[in-house]
Amino acid sequence: MRRLIEANIPSIQLVVLGKIHPDLADVIPAKKLQRLRPLSSRRGRIDPRMITSRQPTAGTLTCNGKQQHRNVLLPNGDVTLCCMDFERRHVLGNLLRDEYEDLFEGRIFSEIADRMNGTDGFLLCRTCEFAKPEPECRSPARAL
């Protein structure tokens with residue numbers, strides 16, 4: 001790594017997820033280092049030897065990473081809640097038959113909002129690293 005840095009390649013950028021390894025802290029100049037958020041377990045789908053999945057969050061929660069605003073449009077027209085919904089557990093609707101705005105007024109989105117406010121039932125967000133527990137109960141519109 002030291003030789004790579006000493007080569008003084010102008011376009012080189014080095015990325016660290018979380019904390020930089022102590023052996024590299026004195027080798028890599030700060031201006032060449034991009035710090036990104038720590039690794040995500042992809043909602044418990046990554047080998048636990050790489051990163052430990054978090055225990056499910058109980059009660060009211062919000063999405064600290066705002067993933068619920070990063071919907072995914074699939075080739076068949078389905079729209080999932082967020083980019084982490086690999087199993088398509090929260091399909092909000094389909095743009096071949098639904099207007100985008102209507103996806104956030106339907107039964108599925110309402111159930112998700114209720115579950116983020118503490119209602120029982122499956123909610124993918126409970127095992128996500130971006131889930132942030134909320135101490136008070138909030139209305140569905142404020143949770144999302």
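Tutor: Let's start in helix 2, where glutamate 111 and arginine 107 both sit, four residues apart, or about one turn of the helix. Please remember that this is a predicted model.

Student: How far apart are the closest N and O atoms of glutamate 111 and arginine 107?

Tutor: Side chains of opposite charge can pair when their charged atoms come close. An α-helix has 3.6 residues a turn, so residues four places apart point the same way. Glutamate 111 and arginine 107 are four residues apart in helix 2. They form a salt bridge, and the distance between their closest N and O atoms is 2.9 Å.

Student: Is arginine 107 buried or exposed?

Tutor: A residue counts as exposed when its relative accessible area is over 50%. Arginine 107 has a value of 57%, so this residue is exposed.

Student: Which residues in helix 2 are buried, and on how wide an arc do they lie?

Tutor: The buried ones are Phe109, Ile112, Ala113 and Met116. They share the same side of helix 2, because the arc they cover around the axis is only 100°.

Student: Which residue just after helix 2 takes a positive phi?

Tutor: Look just past the end of helix 2 for a phi of about 110°. The residue with that positive angle is glycine 118.

Student: Is glutamate 134 buried or exposed?

Tutor: Glutamate 134 forms a salt bridge with lysine 132, with their closest N and O atoms 4.0 Å apart. Buried means under 20%. Glutamate 134 has a relative accessible area of 18%, so this residue is buried.

Student: How far apart in space are glycine 77 and leucine 95?

Tutor: Glycine 77 lies in the loop between strand 4 (72-73) and strand 5 (78-80), and is buried at 5% relative accessibility. In sequence, glycine 77 and leucine 95 are 18 residues apart. In space, from C-alpha to C-alpha, their separation is 5.1 Å.

Definitions and conventions:
Residues numbered from 1 in each chain as written. Predicted model: local features only at pLDDT ≥ 70, side-chain atom pairs only at ≥ 80, totals over all residues. Heavy atoms only, no water. Buried < 20%, exposed > 50% of the residue type's maximum accessible area, 1.4 Å probe, protein only. Helix = DSSP H or I, 4+ residues; strand = E, 2+ residues; numbered from the N terminus. Arc of directions from axis to C-beta. Salt bridge = Lys/Arg side-chain N within 4 Å of Asp/Glu carboxyl O.
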